[in-house]
Amino acid sequence: MTEETILFHFYAKRALSDIELLNLAANGMKEDKSKVKCLFSGPAGNDLQLSVFSNNDNKVLNIRNYESQKLYMFDILVMRSHVKVDLVYIRHVEEGIKKFLTSIDAFDRMYCMLGPVRRGEALWRYFITADEFLVEFHLDRLVVERQTKYQNVKIFWSEAHGHVLFLDEDVMLAEKDQEPYTRVLLGLETGKPARNCYADKEILILGGGDGGVICELLKQQPRMVTMVEIDSTVVQLCAKYMRGACEDALDTLEGPNKKIIIGDCLDHLHECIQSGKKYDYIINDLTEFMINKEERGWNYDFATDNSQMMEISLKALKPDGCYILRGGSLHFKKFWGRFEEDCRKLGLQFRVYDNFVPGFYEIYRFYEVRFA
């Protein structure tokens with residue numbers, strides 16, 4: 001059973017009487033007022049009056065009146081099995097309410113969300129962007145879900161985005177985001193001169209379990225690509241379901257010019273530093289996080305509090321190499337503001353590239369960092 005909620009609010013020229021609220025509820029539920037009952041009406045706080053109505057047939061309407069502002073907010077709750085809630089239905093309800101308020105000379109202005117909020121479904125489609133906007137993700141069905149030692153892994157099918165990977169309820173990559181996300185990250189946008197040359201280079205990918213980055217890099221004829229991903233389940237599921245992103249790049253762990261290591265990328269970086277191994281490119285397809293060097297028994301001295309992953313990565317980067325990373329949403333100003341400040345503090349050069357990523361529903365920022 002799915003509950004769909006239609007959201008309205010309007011400003012009235014004057015306060016509405018109890019009988020007018022009842023008529024308003026009947027219009028909102030598209031019912032004869034004789035079938036609508038008031039379940040509750042009374043104060044619910046300072047300056048707030050609450051009224052709850054029902055038609056006793058799986059429709060509920062609640063109205064909140066902020067008296068000093070003459071603001072009325074109301075939600076119509078409908079069980080999907082009883083009525084189809086779509087744009088036509090909502091527009092019809094909107095016009096009925098507006099007509100009623102106009103007829104009693106109370107209408108000022110009204111706003112309506114032209115799609116219902118759905119609850120009770122097996123799929124939860126809503127998430128918050130970095131700038132705290134609510135987004136309803138276009139998801140059609142859950143394909144697979146696994147709870148691993150490290151995280152919750154879900155892959156959905158979406159007509160709009162293809163298969164979509166979520167880790168701990170956060171979208172990681174959609175198959176149709178190879179161009180706007182992966183190729184922009186790598187500087188390999190279609191129709192533009194390549195920013196980076198990966199031919200005959202040694203490359204390290206930190207994370208990247210969806211396979212999108214290693215797939216694009218292998219097309220560039222590198223000398224060797226090493227990918228270190230901690231969660232084998234992510235690799236296995238993406239190899240099976242995210243073919244639009246990874247193609248056949250995850251089918252085997254080793255090949256002529258690739259090696260996929262299931263392990264902790266920090267341990268791999270530490271081993272590289274101890275052995276003197278250096279890479280031409282290090283691509284951070286993770287999110288930035290703090291490194292507990294005491295827990296790991298390391299004696300590295302970090303100059304920053306927020307960019308320690310970059311600091312340790314730079315120790316395994318050749319002097320003319322490039323460190324590439326996802327910088328997060330353009331609206332996530334705290335992160336990239338601190339990151340750019342850290343780059344300047346460390347005497348590094350960096351370039352910024354912004355691009356809209358459909359699967360993230362927002363503009364994303366990417367960085368290329370080099371030694372000065």
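User: Which residue in β17 is the bridge partner of M227?
Analyst: This is a predicted model, in which local features need pLDDT of at least 70, side-chain atom pairs count only at pLDDT 80 or more, and totals for chains, interfaces and linings use all residues. Residues are numbered from 1 along each chain as its sequence is written, and side-chain values use heavy atoms, with hydrogens and water left out. Strand β17 covers residues 258-262 and runs parallel to β15, to which 5 bridges join it. Within β17, M227 has as its bridge partner I260.

User: Which are the edge strands of the open sheet of 8 strands?
Analyst: Strands here are DSSP E runs of at least two residues, numbered from the N terminus, and two of them pair if DSSP finds at least two bridges between them. The order is β16-β17-β15-β14-β18-β19-β21-β20, and the pairing is mixed. An edge strand of this sheet pairs on one side only, which holds for β16 (254-255) and β20 (348-357).

User: Where are the edges of the open sheet of 4 strands?
Analyst: This sheet has antiparallel pairing and the order β10-β11-β12-β13. Pairing on one side only marks its two edge strands, β10 (141-147) and β13 (170-174).

User: Which residue of β13 is the bridge partner of L165?
Analyst: β12 and β13 are joined by 4 bridges in the antiparallel sense. The partner of L165 in β13 is L173.

User: How many of the 9 residues of helix α3 are buried?
Analyst: A helix is a DSSP run of H or I at least four residues long; α3 spans residues 178-186. Buried means under 20% relative accessible area with a 1.4 Å probe and protein chains only. The buried residues are Q178, P180, Y181, T182, R183, V184, L185 and L186. Helix α3 is largely enclosed by the rest of the structure, because its buried residues number 8 of the 9.

User: What is the phi of G187, positive or negative?
Analyst: G187 follows helix α3.

User: How many Å separate the centres of domain 1 and domain 2?
Analyst: The bounds come from an automatic or database domain assignment. Residues 3-119 form domain 1, and residues 180-371 form domain 2. With centres taken over C-alpha atoms, the separation between the two domains is 51 Å.

Definitions and conventions. Buried means under 20% relative accessible area, exposed over 50%, partly exposed in between (1.4 Å probe, protein chains only).
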